[in-house]
Each structure stands twice: as structure tokens, then as C-alpha cells.
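Hi,

Here's the structure I promised to pass on. Have a look at it first, then read on for what turned up.

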Amino acid sequence: MAGLRLEGLRITRAGVPLVALEAEIAPGEVLSVMGPSGSGKSTLLSAIMGTLAPSFAMTGLVWLDGCEITRQPPEARRVGILYQEELLFPHLSVGGNLAFGLPRAVRGRAARAARVAAALAEVGLAGFADRDPATLSGGQKARVALMRMLLAEPLALLLDEPFSRLDAGLRAQVREMVFARARARGLPVLLVTHDAADAAAAGGCVVELG
Amino acid sequence: MRPLRGAPLLTLLVLLGPVTAGLVGTLAPALGVFPALGGRALSLAPMAALAAWPGLPGAVMLSVGVGLAATVVSLAIVVLFVAGWQGTRAMAGLEQALAPLLSVPHAAAAFGLAFLIAPSGWIARALSPWATGWERPPDLLIVQDPLGLAMVAGLVVKEVPFLLLMTLAALPQVRPAQRMGVARALGYGPVTGWLKAVFPCVYAQIRLPVYAVLAYSMSVVDVAIILGPGTPPPLSVQVVRWMADPDLTLRFQAAAGAVLQLALVIGALGLWRLGEVVLGRLGRVWAEAGARRQGDGVLRLAGLGLAMLATGAVIAGLAGLGLWSVAGLWPFPEAWPETVSARSWLRHGPGLLAPGLETLWIAGAATALALALVLACLEAEHRFGLVPGARSLWLLYLPLLVPQVAFLPGLQGFALMLGVDMGRGAVILGHLVFVLPYVFLSLAAPWRAWDMRYASVAAALGAGRGRVFRQVRLPMLLAPVLTAAAVGFAVSVGQYLPTLLIGGGRVQTLTTEAVALAAGGDRRAIAVTALAQTLVGMAGFALALAAPRILWANRRGLRAG
Amino acid sequence: MRRFAVLVALTALGPGAALSDPDPSDWQAVLEEARGQVVYWHAWGGAAATNDFIRWAGDEVAARHGVRVEHVKLADTADAVSRVLAEKTAGKDTGGAVDLIWINGPNFRAMKEAGLLFGPWAEDLPNWRYVDLDGKPAVTADFTVPTEGLESPWAMAQVVFYHDTARLPDPPRSMAALLDWAAANPGRFTYPQLPDFLGTTFLKQALYGMIEDPSVLQRPADQADYAAVTAPLWAFLDDLTPHLWRQGRAYPSSGPRQLQLMADGEIDLAISFSPGEASAAIANGQLPDTVRTLVLEGGTIGNASFVAIPYNANAKAGAMVLADFLLSPEAQARAQDPDVLGYGTVLAMDKLSPEDRARFEALELGIATLSPEELGPALPEPHPSWMRLIEADWGKRFGLAE
């Protein structure tokens, strides 16, 4: 079955239970996980990503589009993530950041450059390929980060409070853009946030942690 | 993936193998076992001979006194300066000068200082005869004074930059700006507030570097020969003299002295630790007593003045060397040489080419090996979630804490037995023991401070661990990687005893050249060699600073940090 | 010694390594074996002039015999002795790091007694026939220790004092006069700190001026009443020390360090073991041209510098070829040139061909160098045992200043 499924997921640290979650997110749907800081929201995302620090122990299974990915290395899972900060690679140009995410299957310099240019144009940043990411505005960075993630063709998207640093005006705009594109691509989305407005805007189920 | 897992173990082996082997090789003759000289049975005779040396009390007092004084003064200058000037332009200015200062070899700095403060030195010349009336140098015991004050000064000017670098590296982890904000808001003066609110946590971070300074100052040889007293000399110098004595039976006594040197260092470290505990208690009482301002203005100025003095002394000393390297006849009390020419450079320069290349080779290879091992360790730490404990940090510092005279001669014996000595390769491995800790210490903090979410993002974009390492982490951390390399390079350039002992004298670097020339006391020859040595060390730093700027000229995000 | 070398060979790891040692009596074979070898010559590297000379000798030997010479610059000759000793300790009886050592006196005695030397070979060198065996007994008795062909001489040295006539026009010429002058001009004289050989030499020179029968110094010290013989020396030093540079609380670390002190005007009089050192220093701008040289009344100590080959040297043939070249009239004349080294030759002029003699006659003495007549006869070095005891005593009495 399509979508992201967390089956009996339990995370403990030094034997102390931290997070337990049973969830199923259909393609194009959003599950919001809410909780105060320290409730293990980010740890949950790490577990799904496969980047859980060794001091944590995890049981349960993660299914994505019918495949069990619990044992797979992070780079093979095709789970995309957006953090609070854009985390654009500062040593690469804007175009370079996008190309980093572009699958190898897209061959040839010209073809890759064309895909990058198209992606930039799609979010209103045409001609930005050679720019230094440090010179972009906050909204521009957010759009580059999103397109970089989407170019990698993920099968699911995790959002780690991605809007909390943006000011109010920009926030709604970026939030709308992210959800719209995730829906358009039919991605199951797991959003962790401590902001009820984010969860409300997502429109899906809400789970409280902690 | 498998070999990476073994990296920490290999690194420890590279570090501790030579130290342990060397200590065993020193301990044996100290206990009378040295078959080539007929010592076949355990005996306390070497220890007894050492105890019978009439200069022993004086030499021991000097080693301990100079070591403690140099460490206390260096630490005090650094603490006062950072307390008073954290986050100011003066601090930023000195930070700029730090790297070049660090790359000045100890011997070169000591030569420069000696020329500055000697009765026939630059300061006396500048003031004579108009202010002092001296037509000839006064007969004053300034350099080589019995208390070792000149030696303490020579050590302080080199240890201040080192401790300052370590302090600046430790500072961000304790969030000084927030702490100071709170302290200032509570009405504390800048220095008092810093000492009470920030220093205790910073000190916990720089404790091991301080220990390294103490151990080094107690057992240094080259600086002691240039600036220290000779009647008697510090213990380490006497040990080296005994080892160089034509009377081969003194080797036993020398080994006993080396073991005593090690014991002294351990004892002094214990004493220092005790001092930490006592001062820590007193400090807590002081902090809780609530005094808001205690001589803040004066302390601030003192911190700046002393830091500038220490920095200025090295720079002025180097300038003096520069002048001597081009001086013709330069009699006292002239402040400037009568004639200036390139003669000394033309005479000594060509001969420095081969040792210069050798220096580059060895320093380059040792640094590259160290960097590879350190990166492998740090990457293994990251991939396998290894948590480096306090103990592993101690092990890392071990080669810096054990006096060189206590293990290098023993190590030479082992290398000979294994038949791996004499070559450049053996010297490179010998340098690695000292280069590796510095590279690790320089790189570990920025490497670990790197935002791990970049790795998560890259992995989510489909990049495997190797690609994340090569294409994301390494390029982003290029500047600290190169800085760590430059530190390691400079450390290698400055090594004397390991090069001499492991190289069997056949491997000649600028430093062995400089120390050999120092025996002759020809200031012009010394100046040329010491400057060449300094330039090579500085070139590494210049490259480390320039490369990221050129490579990332268009990347503002990499230049801020 | 030969027996020892064979013994070493039999116990060595490599099969028959030392058995194939070159035979110096078959010089043609030595030359053939030497071709292509690299000789690591461990020699004190503290003076630019000697370093330059060694480089020249290396170039010549490379051009003539295909032997490459690498000068290993030592801060102290004993470093090389230590090295050979460490190799012996580790059982490295072939392929050692040291091929040739510039050596004399106590270091030679130590190596000889510890069986660390190869040979005999020196007296088989082709140029040995020119050596002045009768006029310069020091060439076969190194600090009274018979060389027995285990080392080859290459330079003669004699104690001189140099002074700056601009500040000291009329220098003292005896130890008694030195004491009076120092008392009147405190802080203007010093000597290198023992165990530097030049510091020890100053004490031995002073001792010579104070004993009735100098011949006791030629025998080991334990055959004489050491305390009685040296008592006047210690009394003299007790008187002198408060008037020394820095009141005797610090000493220069080596002989050449005194050049800088003289140039800075800190001292007015200094001891040297090289009659040409002052001239050479004037020539290269280290000293003002007002400096002159003198010897004491009653003569000064003279000795020879040697080169020796360790028992486990890697390039023994090459080392012998280099040692032979150092004995050649050409190299000897160059070493005697005050613009180069100013070292005395070990050769006998009457044994040389007229052309070779002309090389020496053509040399100009340096501005501050005394002629052989002015230098006068050299006093022989005392037995090394005196040196050891004097060094130890000095260390106890004056080495701890306070």
C-alpha cells in the first residue's frame, strides 16, 4: 500500500521510553505531531530518516509505499526532510545545491542544468543558479531548500518546524507553497511543530506527544 | 567502513606506542640495565649517582620554578586579556596575529628575545649612550640569570599565543555573551563578571592545554640553552649534557635524570591540580560574596598591556633577527647596523636549500598522515556514535605531557633494534607523535560543532556517507581543516630532538641546522636560519588562510565563521 | 683492533659483513670500492667557515673519486658517539649511520676503549707519508692516548688569546698578569662553560703555568697527587672568578660565542683554539679589524684534530678516501689559508715536493694571525684523566654559581 506507515514505533534512551507512535499517512495527506520541546519530536524524525544517534534504541517498523525501510541506510530511504533552517550548502551555488539533490539518472551537464533552471523558475527564482546562497533572502532560501528536496524525488516528506523562523507574512506563504507541492506530488507528509497554527494549516490529523 | 572503525585504535597506537616504548627504553638504564655499556643487572647506582650530583637541588628547583612561573604568568595574561577584551576590536586584532605568532619556532623566538633584552641588546642600544651613559654594554646578568627569569619570559611569549588560541576555541561552547549579559545586568564589572561567571567553565575546557604548557615549560631544552642559566642549568638540559658526555658511563645517570624529570612533571601536575581545587573553593566563596567591581579598569589595562608586551616582544625579536641577517659590522651602542648587505643570506642561504626541502617534506608528510588519521577518527566517531571520553583526551595529550628527554632516547634504541631508524620515514613517524595531538585538538572542536542536520539533509537527498564526507562536510570545514594542518605543519617544523635522535643525524632540517649553528653563536648565521625556519612555518599558515578565501571568494556563508 | 672487528663480524646479523671490510693496504681496491659510496661525515656544525670547508672537500672528493660526502652538522661531537653506541646497543653492527667523525681527545678515548672504532687504517693512507711525525707528536698521541692508526689527523690547533687593541692595547701575557688585569677591569674576561672543551683548555693552560714539573700531566692523574697539583689552579680561579664577566655567575656556552661578546664590546680578551679564528672573523665582518692575537709566555697547549671511522660504518672505503684527501697538501694548504679556516697543517714541509711547499709559502697570514715563530712551541695536552677530574671539580666549585 502507498504512503508512510509507522508500525509500533517505540524509541527509548537508556531504557527510558521517549516516543511511541502508531501512524499511517496516505499519499498527499499530512500528519501533524505536536508537543513541547524535549518531547522527542525531532528524535522521531531521525528514526524515520535512519539517522538516530546510537544512544537511542528503536523498535517497530517503518513502511514506505509498501516497502519496509527500517534497516535501510538514510540515503536509500527516499525520505525527504526540511528543517527550521534552510541548511543550504554554503560552499555550493544555488544551482549547485539543487544539482546535489538531482538524481544521477538525469545525465549530461546540459540536461542537469536545464532541470535545475526549470526548478528555479518554478518557484520564481529564474536566473538564480549562479548566486551565492548566503546572499538570498529568507523566503528565497526556503524556496531553494524545498525545490532541492523535491528534485531528489522523495517518496515522503518530513517537516521539522520548517516555518517557525519565518515572520508572519512569509510564513503563511511558504507553508502554503510546501503543502501545495507535497499534495501535488502525492507525498505523505509528517509535520512536527509546537505551533497549532501550522497544524491547523496542514489540515490533517494531529497527534500530541509528551 | 571496516578500516574506518579501526582508526581510533590505530591513532592511539601511533601516539602511545612510541611513548611507551621510549619510556621503557629510558627506565631500563635508569635502573642500571644497558647491556652495551656492561649494565646487565638491576641496580640503584644510577639513581645514587644522580642524587650525588651537587647541582641537583638547584636544577630541580629551576625546572619546577620556571615551569610553574611560566605557566602561571601565561595563564594570567591570557585570562586577564580575554576577561577585559572579549568581543572587542583589540581582541580581533590580536586574533589576527595569533596564527603567525604560533608558527614562530620556540628557538627563533628565544633568539629574538635574547637579542632584545641582553645588556648588549636592542633595548640597551636604543637607550645608549644618551639615556644610560653606557658606551659599552653593562655587566648585568639579564640573560641566563640564575633565577631563570629570562627563560620564563621566553616561554611566556610563546605560550600566551597558544593558550589564547585554546581559550578562544573553548569560549563559544560556554556562551560567554549570554553569561556576561547576565553578569553585567546584575551590576558586575567586565573583568570581575568574566572571572566569576565565565572563567570557571572556560578553565575546565583548557585544563589539558594548561597542563601541556606546564609539562613543556618544565622540560624544554632549546629555550633553556638559549635563555636559561647554566650554573646549574635546568634538569632537562643537564640530562641532555650527560647524554652527550664523552664519558659513556654518564648515560646511566642521564637516564636516571630523565626518569626524575618525568617524576617532577607528574608531581608538578599534581601540585597544579591541588592548586585548582583550592583556588576553585576560594573562587566560589569570592563569587558568592557578591563584590561587583574589583579593580576592573586596572586589570583590563594590565591584561591588554601584558598581552601586547608578549606579542610585541616576539615581533620585535624577529625584527631584530631580520636586521642581524643583513647587518654588516654592528658595534654597541649603535641602534642600527653601520652597513647593510645581503652577504649573510648569500653565504648561508644556499646551504639552507636542502634542509629547507627536507623540512617541507617531513612536515608535509607528517601533517598529511596526521590529518588523515584525525579525519578518520572524527568520521568514525560520527558514523559509529563513538563517544570520546575524558580518558581518550588524556591519551591524546600524553605525548605533550611526557617530557621529550624522558622517552626519545629510549625510543631511538627501539627504532634501532627494529631497524627502522635513520630514514626520513622514521623521522616522519616520530614527528607524527607530536603533530597528531595538535592537529586533533585544533580540528576536533570545529568538526564536532558542525551542524549534523546538513548530513541528514544530504542523506535525504540521496547522498551516501562517503559523499556527505567528501562533498559536504570536508568542503564546508575546509578552513578549520587547513588551519589544523598549518598548526601541525608548524609543530613539525619546530621539532629538534625527535629529528636528531630518530634521524641518526642524517636527516637535517632547518631546525637541526639552527640549533647546530646556535652552538657557534654567530648572530648573523643564526638570524638567517631562524628566519628561514620561521618563514617556512608561517608559509603554512598563510596558505591555510589564503586558500579558503580564494576558493570560497564567492561564498559569504563560509567567510563569516 | 683488527681482531675486534672480526669478532664483531662473526657475531653480526649479516653473514660476513665486516669480513668484507676494505683493506687499507690495497689502496687501489679501496678507491674502487669507494666509488659511488655516500660518506656521512659527522662534524661539529657550529662555524660557517668549517661548514664551507667541508662542503668544498666533499665537492672535490666527489669530482675526483666519485665519493659523495654528506656533512651531518652536530651541535656536539658526542652526539655522533652516542649514535654509534646506540647502534651497538641495538646490535646494529653493520650499515651504521656514521661513516666518519671529526674527533679528538676524550671522545676518541671513549670510543677506543668501548671498541667502537674501525681500524687500524690511518697509517696506510697514501698521504700519510707527508705527516710530520717528528715535529708534531700530537698527530699520533691524541691527548697522550696513542692513536694506533684508528684515527687520521687533519689539522693542528694551538691555544691563542685574542683581544681588541682599541680597548685593550697591552694585554696580559701570563696567568698572573691576567688576574691583575681582570681585578682592575672586572667583567671583561670570561671563558666557555665547562665541559666545553675550550673552557677545559683554559683551565689546563692555567694549570701549566702553575706547576713545577709539567711532565706529571702526561701520566694518568691517579699516578700523581691530583689535589696537590691542582691546588694552585683552584686558588687562582677563586681569585679570578669574581672579576669575570657576569661575576662568573654565567658563562658563554661555547668558544665562538665569545666572538659575539667581543663584537658587542662585552669582553676584551678571549681564548681560542684556532690561531686563525680572529683573522677569519675579521674577514667576514664578525669582529672589528682592531682585534689581534697573542700567546702566553711559556707557550700554549696545542693538539691535533682527527677523523675516525666507527666499527659499523657503512662506507668505510669512502671514509678512508675522504680522510686521505684531507691529508693531501692541497687540502691542507687550503685549510691553512686564513681566509678559509686558518688551521695549522699536520704535514712536514720538508717531506713535500717543491710545488706543494709553494702552496703553503704562498699563503698570506691573516691580519690578526701570528706567524709560526710567534706562536712558539706547543705544549702537549695532558692525559684525558686530568680533564675529567678538572671538569668534575670545576662543576662542583664554580658550576653552581651561588
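**How the chains meet**

There are 2 pairs of chains that touch, and the pair with the most contacts is chains B and C. Keep in mind as you browse that this is a predicted model.

So which chains don't meet? Chain A and chain C have no contact between them. If you look for their closest C-alpha atoms, you'll find them 48 Å apart.

Chain A does touch chain B, though: 26 residues from chain A and 20 residues from chain B take part in that contact. On the chain A side, the elements that give two or more residues are strand E6 (79–82), helix H2 (94–101) and helix H4 (138–151). E6(A) provides the largest share of that side, with 3 residues. What kinds of residues does chain A bring to chain B? Sorted by class, this side has 17 nonpolar, 6 polar and 3 charged residues.

**Inside chain C**

Now zoom in on chain C. Its domain assignment gives two pieces: domain 1 covers 2–155 + 303–365, and domain 2 covers 160–302 + 378–397.

Taken over C-alpha atoms, the centres of domain 1 and domain 2 of chain C are 29 Å apart. The two domains are in contact, with 18 residues of domain 1 of chain C meeting 18 residues of domain 2 of chain C. On the domain 1 side of that contact, you'll find 10 nonpolar, 6 polar and 2 charged residues.

Cheers

Key. Residues numbered from 1 in each chain as written. Chains lettered and ligands numbered in written order. Predicted model: local features only at pLDDT ≥ 70, side-chain atom pairs only at ≥ 80, totals over all residues. Contact = placed C-beta atoms within 7 Å. Helix = DSSP H or I, 4+ residues; strand = E, 2+ residues; numbered from the N terminus. Nonpolar A, V, L, I, M, F, W, Y, C, P; charged D, E, K, R; others polar. Domains from an automatic or database assignment.
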